[in-house]
Amino acid sequence: MYLDFESIRQITVGSVRTWQAEDGVHFSKYTEEGIKVWESEKFAHLAVNAKALTGVRFDFETDSSRFSFSMSAPGHLDIYVDDLLYEHISNAEGLDLPLDGSLHHITVYLPAHNSSPAISHVWVEDGAKVIPHKFDTKILFIGDSITQGWDSVHGKISYDSLYYANIVSRHLNAESVIQGVGGTIFAPETVDTPAFDPDMVFVALGTNDFSAFNSNLDRVYAAADEFLKKVGTIYAGKKLYCISPIWSDRKDKQEAFDSFCTKLQNVIRSCGFTLIDGYALVPHQSDFYSDEWLHPNALGFTIFAERLLAAIGQ
C-alpha cells in the first residue's frame, strides 16, 4: 500500500515544514520565512545549503517485508535497521529495502547536501504496521558546514548519518532539527522563527567568521553577541549550549585563530550559554579531518560526538 501524505509526515523527523506538490512530498529544515532570508541577495550564495535536507529522515517501526520510495532527484541515502547502519546508497533515485516481516526500527537519512528532492510513492505491504518512532528528547542544532556534516568521509564514502549532530541525536534518542548551513556566519537575520520546541539548543559558529573578517574581529564578536542573545530570547528556559570553533590547521594564522577562539568564548559565556570548548572535541591532527585541516571525517566526527556528549553529562 502507498502511504498518504499524513502518514509520510508522521514518520518524518527533522523537517519544520512539510508539504505536498505535484512531484511528491517536500521537506525543509527552515520555515518558509526562514528560507526567504536565505534566498535574499545577502545570503543567496548559501541558499542551496539552507534548502538541503540536512538531518531530515524517516524514523519508524514496521513489520512490512519491504519498504520503498522514489526521489525526484538523485542523492545519497544512509539506511539503519534496528539502530545499526545497514546500507549506504550513493546517487540513489529511491530505495527498495527488503525486510523479513518482523517488527524492525527503520531510519533512512535523506540527502544532507546539494539537493532537496521530493519523495513520492512511499510503499509498505498491505496491512503492515507503520509506527512513528518515539523519542526521549528534542534538540535544535544551529551551525555551519561542520553542523551540516561536510564531510563525514570513511574510506571514499561520505556518510550523512555519521556527522556529530546525527550521532548525538541517535545516542540521546532525540527528535532533532539540524539547521546546518555550509558557509554561514553569525548572522542574526538567519535565526529562524520558532517552528520546533526543543529541550536543548546547540549553536556552533565562528569558523567562517574568522576567515571572512580576520581584519576586523570586533565585528564578529558584536554579531555573535547579537546572534546568541536572539537565540537565547527565543528559546528562554531551554538548555542552551554554544560550541566554540573546533581546532583547524591555520598554519601562519594559527596564533591569531587561537586568540580569536578564546575571545569568542568570553562572548559565549556573557550571553548565558553553556560553553563547550571546541578545541577539546576533535584531535588536533590532520588524520581526523577529511580535508586535513577544517572538516572532520567520520572518525573525527565520532570523537567529536563522544566528547560533546561527555561535556553535557551524557
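**Strand pairing around S5**

In strand S7, isoleucine 106 is the bridge partner of valine 81. The model is predicted, so local features need pLDDT of at least 70 and side-chain atom pairs count only at pLDDT 80 or more, while totals for chains, interfaces and linings use all residues. Residues are numbered from 1 along each chain as its sequence is written, and side-chain values use heavy atoms, with hydrogens and water left out. Helices (H or I, at least four residues) and strands (E, at least two) are DSSP runs, numbered from the N terminus; two strands pair if DSSP finds at least two bridges between them.

- S5 (residues 66-81) pairs with S7 (residues 104-109) in the antiparallel sense, over 4 bridges.
- S5 also pairs with S6 (residues 84-98), in the antiparallel sense and over 11 bridges; phenylalanine 67 stands opposite leucine 97 in S6.
- The hairpin of S5 and S6 has 2 residues between the strands, and aspartate 82 takes a positive phi near 55° there.
- With S8 (residues 119-124), S5 forms an antiparallel pairing over 4 bridges, in which serine 70 stands opposite serine 120.

**The hairpin of S2 and S3**

- Strands S2 (residues 17-21) and S3 run antiparallel and are joined by 5 bridges.
- There are 2 residues between the two strands of this hairpin, and alanine 21 stands opposite glycine 24 in S3.
- Strand S3 (residues 24-28) is largely enclosed by the rest of the structure, because 5 of its 5 residues are buried (under 20% relative accessible area; exposed is over 50%, partly exposed in between, with a 1.4 Å probe and protein chains only).

**Aromatic rings**

- The count comes to 22 aromatic pairs, where rings of Phe, Tyr and Trp (its six-membered ring) pair if their centres lie within 6.5 Å; planes under 30 degrees apart count as stacked, over 60 as edge-to-face and the rest as tilted.
- Tyrosine 164 and phenylalanine 301 are stacked, since their ring centres are 6.3 Å apart and their planes lie at 25°.
- This pair links helix H5 (residues 164-171), which holds tyrosine 164, to helix H9 (residues 298-311), which holds phenylalanine 301, 137 residues apart.
- Tyrosine 164 is buried at 1% relative accessibility, and phenylalanine 301 is buried at 0%.
- Phe141, Tyr163, Tyr164, Phe202, Tyr241, Phe301 and Phe304 form one aromatic cluster.
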